Amino acid sequence: ESWIDDLEATLSDASATDLEALKIRLAEQLRDTRHSLRDASDSAQDMVRETIDCTEQYIHARPWQAIGLVASAAFLFGVVVGRQ
């Protein structure tokens, strides 16, 4: 919020030096935001990969239980959709 307040103050002043400083600061903030988003994306991808690996291991270790779970989920989905 303080960054937005600074941005509004700088835009209202609008002198040339403030605009250059604002451009530099915006570029830094955008760079930091991109890095944060990349890190979050990498973390999410790692979690998805781990979940898929765990699921595959479970299916290979207990195939009949996996079939039963899928059949149960399909049945429940059919019941819910059928009621509508």
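Colleague: What places Arg-49 and Asp-46 about one turn of the helix apart?

Modeller: Both lie in helix H2 (residues 16–61), three residues apart. Helices here are DSSP runs (H or I, at least four residues), numbered from the N terminus. This is a predicted model, where local features need pLDDT of at least 70, side-chain atom pairs count only at pLDDT 80 or more, and totals for chains, interfaces and linings use all residues. Residues are numbered from 1 along each chain as its sequence is written, and side-chain values use heavy atoms, with hydrogens and water left out.

Colleague: Why is the contact of Arg-49 and Asp-46 called a salt bridge?

Modeller: A salt bridge is a side-chain nitrogen of Lys or Arg within 4 Å of a carboxyl oxygen of Asp or Glu. For Arg-49 and Asp-46 the N to O distance is 2.9 Å, so the pair qualifies.

Colleague: How do you know that Asp-32 forms one with Arg-31?

Modeller: Their closest N and O atoms are 3.5 Å apart, and the rule asks for within 4 Å, so this pair counts too. By that rule the count comes to two salt bridges.

Colleague: Why is Asp-32 called partly exposed?

Modeller: Buried means under 20% relative accessible area, exposed over 50%, and partly exposed in between (1.4 Å probe, protein chains only). Asp-32 has 36%, so it is partly exposed. Arg-31, with 43%, is also partly exposed.

Colleague: And what makes Leu-69 exposed?

Modeller: Leu-69 has a relative accessible area of 53%, and the cut-off is over 50%, so Leu-69 is exposed. Leu-69 is found in helix H3 (residues 63–83).

Methods: Helix = DSSP H or I, 4+ residues; strand = E, 2+ residues; numbered from the N terminus.
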